[in-house]
Amino acid sequence: MNKELYFKYQWRYKKEDLKFCPRCGNRFSLEDLHIPNQPQLLCHHCQFVFYLDPKLVVVAVVLNKERNKVLLLQRNEEPGKGLWAFPGGHVERGQDLFEALGNEVKEETGLTVKIDGIINTCSSAEEGLVQLTYEAIAYHEEVIVNIESKKGYFFRFDEIPWNQLAFPSTEKLLRLYTEKYG
């Protein structure tokens, strides 16, 4: 893995950044097709319309078996480098949501989890994200992080580092769980 390239990668882009058709390689034009002031990428050569889909993200609120601790990872990349967040990641097209989330948790923490069900949805139009958050139970608490995190830790609900959380959605979910289990 090229760590230097990995940490410089920016996944955010706009329609204007895409120049060439993925089907035939000809140049796109940006035109209003159906809805005024909502232009789409159009290839006049092969008649392909490229719709820029939002990125789907799955996130896990991982609890220990006793449900008295919650897992947070200290991020090693932007956004929120050095701050704490839940494990999760982007879903690839054609990937099962539960499989994607299980793989992300395993990859980021070394943990195998039982995914109980969806607990929250949110979206960010400006970021181009749709986030699905699931509750999961870890079979043990031995966390082995990958390159994406500096460390991982199961916090008791009275130990959560509230002033060091990476995202507003992390805080919102932790507050709900603190009320429920803390």
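Here's a short walk through a predicted model, going from a sheet to a strand and on to a pocket.

Now pick strand 2 (residues 40-42): 2 bridges tie strand 2 to strand 3, antiparallel. For a look at that pairing, show Leu42, which sits opposite Val49 of strand 3.

**Stop two: strand 5.** Next, select residues 69-75. Is this strand mostly covered or mostly uncovered? Mostly covered: 6 of the 7 residues in strand 5 are buried. Click on Arg75 and you'll find its bridge partner in strand 10, Ser149. Strand 6 (residues 84-85) also runs antiparallel to strand 5, joined by 2 bridges. There, Gln74 stands opposite Trp84.

**Stop three: a pocket.** Finally, go to the second largest pocket, with a volume of about 730 Å³. Which residues lie nearest its centre? Select Leu52, Asp53, Pro54, Lys55 and Gly128; they belong to a lining of 22 residues. Strand 4 (55-63), strand 8 (113-124) and strand 9 (129-138) are the elements that each give two or more residues to this lining. Colour the lining by residue class and you'll get 11 nonpolar, 3 polar and 8 charged.

How values were computed:
Residues numbered from 1 in each chain as written. Predicted model: local features only at pLDDT ≥ 70, side-chain atom pairs only at ≥ 80, totals over all residues. Heavy atoms only, no water. 1 Å grid on protein atoms, 1.4 Å probe; cavity = no way out; pocket = protein on both sides within 12 Å on 5 of 7 lines; lining within 4 Å. Points joined across faces, edges and corners; volume = space filled by probe spheres on them. Helix = DSSP H or I, 4+ residues; strand = E, 2+ residues; numbered from the N terminus. Nonpolar A, V, L, I, M, F, W, Y, C, P; charged D, E, K, R; others polar. Buried < 20%, exposed > 50% of the residue type's maximum accessible area, 1.4 Å probe, protein only. Pairing = 2+ DSSP bridges.
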